[in-house]
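Have a look at the chain below and turn it around a few times. Then we'll walk through it together, piece by piece.

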Amino acid sequence: MQFYNKSIVIAVFNVNFASTTTDYAPTQSQVRACSTRVADVEDFGTRNERELSPADSRGYLWQLCTWWHIEERSGGTYIQVEAIELSRTVPFVFAWLVNPIIRDVPKSFLSHLLTATRKAVLGKGK
């Protein structure tokens, strides 16, 4: 997946995930998805765009794990998503620039993911 975040600067990440699904009942499931690789994209949207190796990452996003609790109940589907994002320590001098990015990435990620999930579910009903 590719994540795009714009706050003070643009941050783009290419993220690979591994996921496991556990069915607790015919109407209850849990999906755990954790990143296996996170790479920053430098100069996004330009001719010079390139993916940095994870070792050369700026560290805005180091690891991302999500847990999806899905339950069919009362004629609908309820989805609860929990996420943990890890980032590297930011030197104090750059904290004013980097901290808004670090704080906004999980919120943007979950918002876009839930919006896409909603669109997919509503689209299947048509």
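Before we start, one term: a residue counts as buried when its relative accessible area is under 20%, as exposed when that area is over 50%, and as partly exposed in between. Also keep in mind that this is a predicted model.

**The disulfide**

How many disulfides does a search of the whole structure find? The search turns up 1. The partners are Cys34 and Cys65, with their sulfur atoms 2.3 Å apart. Cys34 sits in strand 3 (residues 28-42) and Cys65 in strand 5 (residues 63-73), so to speak two distant parts of the chain linked across 31 residues. Is the pair buried or exposed? Both Cys34 and Cys65 are buried. There's a handedness here too: the torsion about the S-S bond of Cys34 and Cys65 is about 125°, which makes this disulfide right-handed.

**How the strands line up**

| Strands | Bridges | Opposite residues |
|---|---|---|
| Strand 2 and strand 3 | 13 bridges | Phe17 and Ser35 |
| Strand 3 and strand 5 | 7 bridges | Gln28 and Glu71 |
| Strand 3 and strand 4 | 2 bridges | Val41 and Glu51 |

Strand 2 and strand 3 also make a hairpin, with 2 residues between them. Strand 4 covers residues 50-51.

**The nonpolar core**

In soluble globular proteins, nonpolar side chains tend to be buried together. In this model, the largest nonpolar core has 14 residues. Which of them have the most contacts inside the core? They are Phe3, Phe13, Val15, Leu61 and Phe109. Strand 2 (10-25), strand 3, strand 5 and helix 1 (92-124) each supply at least two residues of this core.

**Two residues up close**

Let's zoom in on Thr66, which lies in strand 5. Its relative accessibility is 2%, so Thr66 counts as buried. The side chain of Thr66 makes a polar contact of 3.3 Å with the side chain of Trp68. What does Thr66 touch once we leave aside its neighbours within four places in sequence? The list is Val31, Arg32, Ala33, Glu82, Ala83 and Phe109. Phe109 is a name you've met already, as one of the core residues with the most contacts.

Next up is Leu114, found in helix 1. With 39% relative accessibility, Leu114 counts as partly exposed, because that value falls between the 20% and 50% cut-offs. Leaving aside neighbours within four places in sequence, Leu114 is in contact with Trp68 and Val81.

The protein chain averages a pLDDT of 83, and 84% of the residues score at least 70. Where is confidence lowest, and where is it highest? Helix 1 is lowest, at a mean of 73, while strand 4 is highest, at 94. Where pLDDT is low, the predicted coordinates should not be read in detail.

Methods: Residues are numbered from 1 along each chain as its sequence is written. This is a predicted model: local features need pLDDT of at least 70, side-chain atom pairs count only at pLDDT 80 or more; totals for chains, interfaces and linings use all residues. Side-chain values use heavy atoms; hydrogens and water are left out. A disulfide is a pair of cysteine sulfur atoms within 2.5 Å. Helices (H or I, at least four residues) and strands (E, at least two) are DSSP runs, numbered from the N terminus. Buried means under 20% relative accessible area, exposed over 50%, partly exposed in between (1.4 Å probe, protein chains only). A nonpolar core is a set of buried Ala, Val, Leu, Ile, Met, Phe, Trp, Tyr and Cys residues joined through side-chain atoms within 4.5 Å. A polar contact is a pair of N or O atoms within 3.5 Å; within protein, one must be able to donate a hydrogen and the other to accept it, and residues adjacent in sequence count only if both atoms are side-chain atoms. Contact means heavy atoms within 4.5 Å. Two strands pair if DSSP finds at least two bridges between them. pLDDT is the predictor's confidence in each residue, from 0 to 100.
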